[in-house]
Amino acid sequence: MAQTSDMKRLGKTEYLMIALSLVILAVLCAFKVFDSPKYKGLEPVSAKITKELTSVKAGAVNINTASPEELATLKEIGEKRAKAIIDYREANGPFKTIDELAEVDDIGEIILELNRDNITV
């Protein structure tokens, strides 16, 4: 394959700079793709596992095994909401994620966020 005169003038440094620029461009494009609404909520499995593992803290209430009394120790969770949590898990099986707690009647996102650091699955 014949090289053009422009290609003959490029040295190793220039090729390295072109390659580095392409790698940087590819990384930036990848971040932009995963930042788009189409891929919102997608994250690597390792990030999900890490997030769940770091949410387990000493004294955290396991919403899959907690008694009504244990659930009632959470912020804004009284007897009525503790019973709703237990009824939900009995009807639907164990909670798969902490976010699923928001699906329980009378819990919602606000109460979930108040307790996120104090609960685990």
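These are my notebook entries on a predicted protein model.

**Entry 1: ground rules**

The model is predicted, so I keep local features to pLDDT of at least 70 and side-chain atom pairs to pLDDT 80 or more, while totals for chains, interfaces and linings use all residues. I number residues from 1 along each chain as its sequence is written, and side-chain values use heavy atoms, with hydrogens and water left out.

**Entry 2: the overall layout**

I began with the elements and found six helices and two strands. Read from the N terminus, their order is α-α-α-β-α-α-α-β. My labels are DSSP runs numbered from the N terminus: helices are H or I runs of at least four residues, and strands are E runs of at least two.

Next I looked up burial. Buried means under 20% relative accessible area, exposed means over 50%, and partly exposed is in between, with a 1.4 Å probe and protein chains only. The protein has 121 residues, and 22% of them count as buried.

I also noted the accessible surface, which is about 9200 Å², with 63% belonging to carbon and sulfur atoms. Those areas come from the Shrake-Rupley method with a 1.4 Å probe, and for residues only the protein chains shown count as cover.

Then I turned to contacts, meaning heavy atoms within 4.5 Å. Taking contacts between residues at least 6 apart in sequence, 46% join residues at least 24 apart.

**Entry 3: a nonpolar patch**

Which residues make the nonpolar surface patch of about 290 Å²? I found Tyr15, Ile18 and Leu22 there. A patch is made of residues with over 30% relative accessible area and no salt bridge; nonpolar side chains (Val, Leu, Ile, Met, Phe, Trp, Tyr) are joined within 5 Å, and like charges within 9 Å. Leu22 sits in helix H2, residues 12-35. Leu22 is exposed, because its relative accessible area is 52%.

**Entry 4: the salt bridges**

I needed the rule before going on: a salt bridge is a side-chain nitrogen of Lys or Arg within 4 Å of a carboxyl oxygen of Asp or Glu. Side chains of opposite charge can pair when their charged atoms come close. How many salt bridges does a search of the whole structure find? The search gives four, and I looked at some of them.

Arg81 and Asp106 meet in one, at 3.2 Å from N to O. This pair links distant parts of the chain, as Arg81 is in helix H5 and Asp106 in the loop between H5 and H6, 25 residues apart. Asp106 is partly exposed, with a relative accessible area of 45%.

Asp99 pairs with Arg116, and their closest N and O atoms are 2.6 Å apart. Asp99 lies in the loop between H5 and H6 and Arg116 in the loop between H6 and strand E2 (119-120), so this pair ties together parts that are 17 residues apart in sequence. Asp99 has a relative accessible area of 43% and counts as partly exposed. Arg116 is partly exposed too, at 24%.

Glu113 also forms a salt bridge with Arg116, with closest N and O atoms 2.7 Å apart. Through shared partners, Asp99, Glu113 and Arg116 join into one network.

**Entry 5: Glu100, a buried charge**

Glu100 is in the loop between helix H5 (79-92) and helix H6 (108-115). Does Glu100 count as buried or exposed? Glu100 is buried yet has no salt bridge, and the nearest side chain of opposite charge, Lys96, is 4.8 Å away. For charges, Lys and Arg count as positive and Asp and Glu as negative; His and the chain ends are not counted.

The side chain of Glu100 does reach the backbone nitrogen of Lys96, at 2.8 Å. I call that a polar contact: a pair of N or O atoms within 3.5 Å, where within protein one must be able to donate a hydrogen and the other to accept it, and residues adjacent in sequence count only if both atoms are side-chain atoms. Setting aside residues up to four places away in sequence, Glu100 touches Tyr88, Pro94 and Phe95.

**Entry 6: Asn115 in helix H6**

My last stop was Asn115, found in helix H6. Asn115 is buried, because its relative accessible area is 2%. A polar atom of its side chain lies 2.8 Å from the backbone nitrogen of Lys75, and the side chain of Asn115 also reaches the backbone oxygen of Ile111 at 2.9 Å. Beyond its neighbours within four places in sequence, Asn115 is in contact with Leu74, Lys75 and Ile77.
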